[in-house]
Structure formats: structure tokens, C-alpha cells
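This briefing is meant to be read with the sequence and the coordinates side by side. The notes are grouped by topic, so that each part can be followed in the viewer.

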Amino acid sequence: MERGNHSEATEFILLGLNDHPELQVPLFVVFLLIYGITLVGNGGMILLITIDPRLHTPMYFFLRNLSFCDLCYSSLISPKMLMNFLAKRKSISYTACAVQMSLSIAFTDVECLLLAVMAYDRYVAICNPLLYTVTMSRKLCKQLVAGTYAVGVVDSMINTCFTFRLSFCSSNINHFFCDIPPLLALSCSDTHINEFVMFAFACCIILSSFVTVLLSYVYIISTILQIRSAEGRHKAFSTCSFHLITVALYFGTLLFMYLRPTSSYSMDTDKVTSVFYTLVIPMLNPLIYSLRNTEVKDALRKEMNKLLTNS
């Protein structure tokens, strides 16, 4: 690819997680297992919430959308990554790279905002239980989810357009998927505007979501501590604990990934961090929500009994 001649870019080469041939097959097996668990876990969660009437509440409506987001996010990254572990030429077309980056940005935003919405849902349920059904109406829930996707689409379109207007000095992307930082590292052009746009959107979306979660749980914990019975406090905490685990995992990795100075970027560190929030967390989410949630476990047990009885 010639320097500054952006129009000639037809494909990129994804260098992947490492360049050790002897590790490609073991890594393929590990990530195939992760992807399989992600598909079964999130697909099962979506199906279970859809078919069980007891789970037709705002909290599980948001959880179903979170599972859908995780399923799409992982499916956007994993198949190409798995193919590249076994391929000699780890190429991705220019168009496919742009689409992958655009959708990955959108799903990252959606997950961030959904976690904030779920925190607000728990705030209303615990701090204003008498107004919960009125406040969290079906219409509002749909509007909140639609809003998360709208923000994700706007962010992804702007960042993708800014990134793919650059000229690239090389076609070798030191990453396992198309993301903004590794593409900016290939650019021959001035990337200060791109870095500012990326940082601005990251601040607006990630930090606003994080602050929403933080404030919601300050009020939630304050309300829970005022509950006199130990059983009541335990029940209230148990409804929030699984969400807090997910929030800590997801926001911790994103804050580290996108809200630090560009001078401190290390592609090897970024690749490990990216594996965590693009592949590992989507696998863990349904496990966290099912293992620590009595209603989900009861619904799963009921549906399994139905299947065994019918068979």
C-alpha cells in the first residue's frame, strides 16, 4: 500500500494475538470454547426470558437486550478471529474492516448505556417500589433501549467516517480485529482530530454511564441500609449484586482501554484488554446473571422439567 494513497487500500492484514505458530491451534480451541459458551449462554438467556411469563418485567427486558448485544458483539469478532488462527493469510477486506469497527463501536456503546439503564431500573425498584410499574412502563423501557442503539449508531458512524478518511502507511493491523487505536497507529495522516473525537465520545458515553451507575447505587445502598430486617437487606442486595459484578468488569476494562493518554498505548496490553471486554465478558454475563439469580434458575428448572416431561 503506497504512502498517502488511501484509495488503493483494498484489504488489511490482522496480525492477531501473537505470532507464534505453535500457539495458534491451542488458542483456536480456547476461543472456540469461549464462543460456544457465549452462544449457548446468551442464546439460552434470550429464549428463557422470551418464553417464561414470570420474566416479562423491565429488569429482564433489559437483560434480554444485554444478552442480544453480547451475542452480536461476540459473533462480530469471534468467527473471523477463529478463522485467522488457522489461516496462512489473515486478511480482512477494507469494507469488512470498516463494518466490523463500526458495529463494534455501536455494540460497545449499547452495552455501556444498557448497564446504566439497568442501574436506573434497580434504583426505581428499590428506592421507589410503589411507583415502579408506573415509572418503568413498557413504553419507557422500549424508548430507553431504542435510545441506546441510536447513540451507538451515531457514535460508530462518526468515528468510522473519521478513521477511514485517513491515509495508511501499512496494511498490517497489530490486533485481532479492526478497532480505532490500532488503525490510528497505521495512519500517515495527522490523527489529533480522530483522537479528540474518540476521547470525547468515550468521555460522554462511558463516563456518563459510569456516573449514572455510581449515583444509582449510592441511593440504592443508602435505601437498603435503612431496611430494618436482615432478610430484607439480603434480598435487596442479592437483586443488585450480579449487576454490580458485570458493571465492575465491563467499565473497568473500558475505562482502562479508552480513557488513558495515547502516549501510554501498548498494543500487546490493548489486545489482552480487548479480549476481555469483547469475548470474555459476553461469555461471563449470562453465567453471572443465571448463577446468582433465583428467578432465572427457577425459570430454567421449570423449562427443563417441561422438556423432560414432554420427552
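Which residues does Phe 176 touch, not counting residues up to four places away in sequence? They are Leu 14, Gly 16, Leu 17, Ile 77, Met 81, Lys 271, Ser 274, Val 275, Thr 278 and Leu 279. The model is a predicted one, and the values below are computed from it.

- Phe 176 is found in the loop that runs between β3 (172–173) and α6 (180–185).
- With a relative accessible area of 3%, Phe 176 counts as buried, because that value is under 20%.
- Although Phe 176 and Lys 80 are 96 residues apart along the chain, their C-alpha atoms are separated by 8.6 Å.

- Leaving aside residues up to four places away in sequence, Ser 91 touches Glu 11, Phe 12, Ile 13, Lys 80 and Asn 84.
- Glu 11, one of the residues that Ser 91 touches, also forms a salt bridge with Arg 89.

**Salt bridges**

- A search of the whole structure finds three salt bridges, and each of them is described below.
- In the pair of Glu 11 and Arg 89, the side chains meet with an N to O distance of 2.0 Å.
- This pair links distant parts of the chain, since Glu 11 sits in strand β1 (residues 11–14) while Arg 89 sits in the loop between α2 (58–86) and β2 (91–93), 78 residues apart.
- Glu 11 is partly exposed at 26% relative accessibility, whereas Arg 89, with a relative accessible area of 55%, is exposed.
- Asp 52 forms a salt bridge with Arg 54, and the closest N and O atoms of that pair are 3.3 Å apart.
- Asp 52 is buried at 0% relative accessibility, while Arg 54 counts as partly exposed at 46%.
- The side chains of Asp 121 and Arg 122 meet in a salt bridge with an N to O distance of 2.9 Å.
- Asp 121 is buried, with a relative accessible area of 0%, and Arg 122 likewise counts as buried, at 9% relative accessibility.

**Packing of α1 against α10**

- Helix α1 (residues 24–51) and helix α10 (residues 294–310) pack with their axes 10 Å apart and at an angle of about 85°.
- Because angles of 65 to 115 degrees count as roughly perpendicular, α1 is described as roughly perpendicular to α10.
- On the α1 side, Met 45, Leu 48 and Ile 51 take part in the contact, and in α10 they meet Val 296, Ala 299, Leu 300 and Glu 303.
- The residues of the contact of α1 with α10 divide into six nonpolar, no polar and one charged.

**Helix α7**

- Helix α7 (residues 192–225) has 34 residues, and from its first C-alpha to its last it reaches 47 Å, which is close to the 50 Å expected at 1.5 Å a residue.
- The buried residues of α7 are Asn 194, Val 197, Met 198, Ala 202, Ile 205, Ile 206, Ser 209, Val 213, Ser 216, Tyr 217, Ile 220 and Ile 224.

Conventions: Residues are numbered from 1 along each chain as its sequence is written. This is a predicted model: local features need pLDDT of at least 70, side-chain atom pairs count only at pLDDT 80 or more; totals for chains, interfaces and linings use all residues. Side-chain values use heavy atoms; hydrogens and water are left out. A salt bridge is a side-chain nitrogen of Lys or Arg within 4 Å of a carboxyl oxygen of Asp or Glu. Helices (H or I, at least four residues) and strands (E, at least two) are DSSP runs, numbered from the N terminus. Buried means under 20% relative accessible area, exposed over 50%, partly exposed in between (1.4 Å probe, protein chains only). Axes are lines fitted to C-alpha atoms, for helices over the stretch in contact, and angles run from 0 to 180 degrees between N-to-C directions. Angles under 35 degrees count as roughly parallel, over 145 as roughly antiparallel, 65 to 115 as roughly perpendicular and the rest as oblique. Contact means heavy atoms within 4.5 Å. Ala, Val, Leu, Ile, Met, Phe, Trp, Tyr, Cys and Pro count as nonpolar, Asp, Glu, Lys and Arg as charged, and the others, Gly among them, as polar. The expected span of a helix is 1.5 Å times one less than its number of residues.
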